[in-house]
Amino acid sequence: LTLSPYLLNLKHVKSRNILIRFRLGVSQLKSHKSRFSRAKNPDLNCPFCSKTMETEVHFVLVCPIYAELRKYYIPANYCKFPCLYRLSMLLATENKLLQIRLTQFLNEAFAKRNMLTE
């Protein structure tokens, strides 16, 4: 067992914590929040896309509301044919710059999501 590279590469505590929470499934996404909900049928749909579940793949690679952020922070090869495998590769990258850009994307996307849903 070894320490994941992003834990060493990301020096900014807030950025590192955003990525840790996202990877552990305890972020603000509806699919994450529903794990701790007592509701029998929680609403898991994306607040911006009708009839689409707000999953990690949808949030990071698909949702059109974050398209501009995605273009700026995430390389296009991850967004072509979005799937769980590509998201896994993005989250597991050892490229320090890409790790930083991913945390910046998550930070800004969650801020935008919070601003638009409140």
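**View 1. Helix H2 packs against helix H8.** Helix H2 (residues 13-24) and helix H8 (residues 96-117) meet at an angle of about 80°, and their axes lie 9 Å apart. The model is predicted: local features need pLDDT of at least 70, side-chain atom pairs count only at pLDDT 80 or more, and totals for chains, interfaces and linings use all residues. Residues are numbered from 1 along each chain as its sequence is written, and side-chain values use heavy atoms, with hydrogens and water left out. Axes are lines fitted to C-alpha atoms, for helices over the stretch in contact, and angles run from 0 to 180 degrees between N-to-C directions. Helices (H or I, at least four residues) and strands (E, at least two) are DSSP runs, numbered from the N terminus. H2 and H8 are therefore roughly perpendicular to each other (65 to 115 degrees; under 35 is roughly parallel, over 145 roughly antiparallel and the rest oblique). On the H2 side the contact (heavy atoms within 4.5 Å) is made by Lys 14, Ser 15, Ile 18, Leu 19 and Phe 22. H8 contributes Leu 102, Thr 103, Leu 106, Asn 107 and Phe 110. By class, the contact of H2 with H8 has 6 nonpolar, 3 polar and 1 charged residues (Ala, Val, Leu, Ile, Met, Phe, Trp, Tyr, Cys and Pro count as nonpolar, Asp, Glu, Lys and Arg as charged, and the others, Gly among them, as polar).

**View 2. Glu 54 forms a salt bridge with Arg 113.** The structure holds 2 salt bridges (a side-chain nitrogen of Lys or Arg within 4 Å of a carboxyl oxygen of Asp or Glu). In the pair of Glu 54 and Arg 113, the closest N and O atoms are 2.8 Å apart. The pair links distant parts of the chain, 59 residues apart: Glu 54 is in the loop between helix H3 (30-33) and helix H4 (56-62), and Arg 113 is in helix H8. Glu 54 is buried at a relative accessible area of 1%, and Arg 113 is buried at 6% (buried means under 20% relative accessible area, exposed over 50%, partly exposed in between; 1.4 Å probe, protein chains only).

**View 3. Lys 71 and Glu 68 meet in a salt bridge.** The N to O distance between these side chains is 3.7 Å. Lys 71 and Glu 68 are 3 residues apart in helix H5 (residues 67-73), and are therefore separated by about one helical turn. Both Lys 71 and Glu 68 are exposed.

**View 4. Six aromatic residues, Phe 22, Phe 48, Phe 59, Tyr 66, Phe 105 and Phe 110, form one cluster.** The structure has 7 aromatic pairs (rings of Phe, Tyr and Trp, its six-membered ring, with centres within 6.5 Å; planes under 30 degrees apart count as stacked, over 60 as edge-to-face and the rest as tilted). The rings of Phe 48 and Tyr 66 have centres 6.2 Å apart and planes at 90°, so the pair is edge-to-face. Phe 48 is in the loop between H3 and H4, and Tyr 66, 18 residues apart from it, is in the loop between H4 and H5. Phe 48 is partly exposed, with a relative accessible area of 26%, whereas Tyr 66 is buried, at 1%. The rings of Phe 59 and Phe 110 have centres 4.6 Å apart and planes at 25°, so this pair is stacked. Phe 59 in helix H4 and Phe 110 in helix H8 are 51 residues apart. Phe 59 is buried at 0% relative accessibility, and Phe 110 is buried at 8%.
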